[in-house]
Amino acid sequence: MLQRLLSPRSIAFIGGHWARTAIKQSINADYRGTIYYVNQRGERMDEFPTLPVYPHVRELPAAPDAAFIAVNRQQTIDTIAHLSAIGSGGAICFAAGFSESGDHARTQQLCAAAGTMPFLGPNCYGLLNYLDGALLWPDQHGGKRILRGVAIISQSGNISISITMQQRGLPLAMVCAIGNQTRVGFAELSQALLADPRITAIGWLMEAVDNSAELEDLLRAAHGKKPIVVLKLGASQQGASATLSHTASLSGNDTAANAFFQRHGVARTHTLTEFLETLKLLHVHGVLSGRRVLSMSCSGGEAALAADTIEPYPLSLKQFSSPTQAQIKKEMGELVVAQNPYDYHTFVWGDPAKMQQTYQTAMADGFDLSLLLLDFPRRDRCHDDDWQLALSALIAARQALPPTQATAVVATLPENMPEAMSAQAHDNGITAFATLTDALNAAQHAAFIGEHWRCPLPLPLLAAARPTTAATCLVDEYEAKQRLTTAGVEVANGVCASRARINSDDAVAAALSYPLAVKALGLAHKSEQHAVHLACADIAAVRAAVAQMAEVENLGDAFLLEEMVQDKVAELLIGIRQDALAGLTLTLASGGTQSEVLNDSVCLLLPTTSAAVEYALSTLRAYPLWCGYRGAAAADMTAAINQIMAIAAYAEQQAPQIVELEINPLIVGVQQAVVADVLMLCRAE
């Protein structure tokens with residue numbers, strides 16, 4: 001559907017100054033297709049006097065594959081209607097003043113005028129196709145024609161321009177600025193890019209997600225085929241104070257988005273540098289087959305710097321095998337220590353053959369990414385002949401190894417990696433990085449995508465609940481626990497009783513074992529309102545607790561008397577809530593009073609698996625304390641996982657009625673896991 005727009009054989013540029021600027025971009029890029037210039041005043045271009053000018057789209061001799069519309073917003077609607085009527089392949093709507101400024105009615109008019117014709121925008125810069133020289137772009141840019149490279153889809157036109165100015169040697173095949181995503185968004189564009197073999201990787205510069213269901217379909221189609229990297233802007237915990245439970249503060253919109261990307265093997269980056277460098281590694285080498293990294297340098301200081309820098313990353317400095325150690329000793333002598341990071345000293349410096357053999361011996365020992373630290377001298381004051389010899393030796397060593405051998409040359413300072421050296425490295429299958437952190441960030445992302453590709457596709461997500469203005473209601477804790485019990489969830493034993501019965505009936509708690517917890521029902525956060533009393537040893541203590549709650553605001557007449565769980569090793573928080581992007585999210589964290597203090601949580605999307613829950617729990621900082629730390633009793637984590645899965649299954653069955661469900665805490669003992677407290681918020685029926 002988008003092929004004509006993305007790789008057009010003919011382009012109509014419509015408007016005045018901005019349209020003429022875009023025409024110059026395409027002609028200067030040696031675009032070989034047909035160019036139509038539409039200007040209602042008949043203004044010719046001095047630079048291209050032979051280019052015919054058409055006063056109206058109706059006058060064009062043929063329907064263009066793509067059109068760049070640079071007229072005001074009302075004329076944009078009229079123009080796109082004519083383009084659609086003559087069978088054009090698609091358009092770029094440059095004008096602003098639509099939904100981004102609150103004018104949704106005008107956006108609806110634009111969609112109606114376009115009919116089924118796709119368009120980018122409105123409020124967008126357009127499209128830079130460096131593969132074909134089709135530059136539907138009204139401003140300067142820093143890219144050039146290439147044969148293959150990465151594609152970047154961005155909601156920011158200005159950042160898109162900045163990306164084209166990068167001097168990192170990243171080959172840009174296509175840059176698409178999509179503005180408001182009114183008709184075409186990330187999913188549709190990425191689907192079209194998947195089919196182009198000239199595109200090596202796809203990057204998303206994203207401010208908001210347009211359609212999670214379409215994105216999920218796209219990511220399932222991309223699995224194992226083409227890596228995707230995202231830089232999501234505007235990450236914040238919006239609206240946390242407006243919700244009833246702690247879960248929202250732990251699992252806000254950005255947390256859910258992060259879980260969405262992780263579930264589908266999208267590498268989430270957090271800076272523009274990290275974003276571009278990851279795309280660079282994926283372009284040159286594709287995904288990594290593992291996390292084993294080799295660092296080579298001719299300096300002990302650089303080796304120590306590499307070790308310190310790599311240490312916090314989820315990467316492995318695998319040591320050399322015994323045969324390789326012996327070979328290094330044979331080649332380099334006793335003064336060189338055969339360890340990783342590898343300081344090969346300067347004994348072979350300036351000797352291309354010996355440098356090649358040095359690199360080749362080390363790199364052949366089963367590493368997933370081999371790094372050569374190489375800071376090029378500044379050419380205005382120094383000479384770099386020997387450094388170029390080192391790069392040539394690395395290229396030769398790389399070529400002598402299997403083609404899957406991922407190799408990179410890395411500077412320790414950005415200014416020490418010239419763009420020309422980056423280009424030479426990339427042309428020979430070696431990634432060039434300006435800093436160690438750039439290399440390591442890219443490596444961990446490329447390894448993550450590779451690991452995801454080697455796993456089966458995840459279960460399809462539950463559909464996100466449609467936005468609604470329906471009222472919500474708090475289900476009191478006793479009723480919430482009864483509902484969970486029917487789903488196989490183990491809850492603390494308890495009874496519901498009125499104040500009058502508690503005060504008059506000595507046998508009200510006869511079926512329970514003391515000590516008891518006494519809770520007022522119908523309140524969201526009972527602890528904060530002093531509506532919970534613990535360790536009541538007898539009926540007199542229960543009555544005293546009820547009496548002390550008399551001053552609680554909005555206190556009802558129903559109370560929950562509940563056995564306190566005695567078998568306790570760990571407390572967990574399990575939170576489930578609806579997210580507009582991801583559907584039902586599952587948050588796991590340390591529970592009880594530790595929830596806010598530790599700020600340690602992990603978010604999964606439903607449905608999930610026991611294995612995924614087990615792994616997620618193991619990533620929490622408190623996890624070692626639950627597993628028998630220093631001889632202490634170990635919590636029954638199998639029971640905890642079973643409870644979590646039962647709670648998740650209940651939420652899935654009740655979606656989309658469930659707005660929010662929080663268990664805090666799930667008390668995990670040596671032989672059990674019991675729900676002690678529940679907050680349930682549902683849509684009113």
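**View 1. Thr 269 in strand β13 (residues 267-269)**. Thr 269 belongs to strand β13 of this predicted model, where strands (E, at least two residues) and helices (H or I, at least four) are DSSP runs numbered from the N terminus. Its relative accessible area is 0%, so Thr 269 is buried; buried means under 20% relative accessible area, exposed over 50% and partly exposed in between (1.4 Å probe, protein chains only). Apart from neighbours within four places in sequence, the contacts of Thr 269 include Val 229, Leu 231, Phe 275 and His 445, contact meaning heavy atoms within 4.5 Å.

View 2. β14 pairs in the parallel sense with strand β16 (residues 369-373) over four bridges, pairing requiring at least two DSSP bridges between two strands. Met 296 stands opposite Leu 372 of β16. Strand β15 (residues 342-343) runs parallel to β14 and is joined to it by two bridges, with Asp 343 opposite Ser 297.

**View 3. The two sides of helix α12 (residues 322-332)**. Thr 324, Ile 328 and Met 332 are the buried residues of α12. They lie on the same side of α12 because they cover an arc of only 50 degrees around the axis, taken from the directions from the helix axis to the C-beta atoms. These buried residues pack against β15 and α13 (352-363), whereas Ser 322, Pro 323 and Lys 330 are exposed on the other side.

**Notes.** Residues are numbered from 1 along each chain as its sequence is written. In this predicted model local features need pLDDT of at least 70, side-chain atom pairs count only at pLDDT 80 or more, totals for chains, interfaces and linings use all residues, and side-chain values use heavy atoms, without hydrogens and water.
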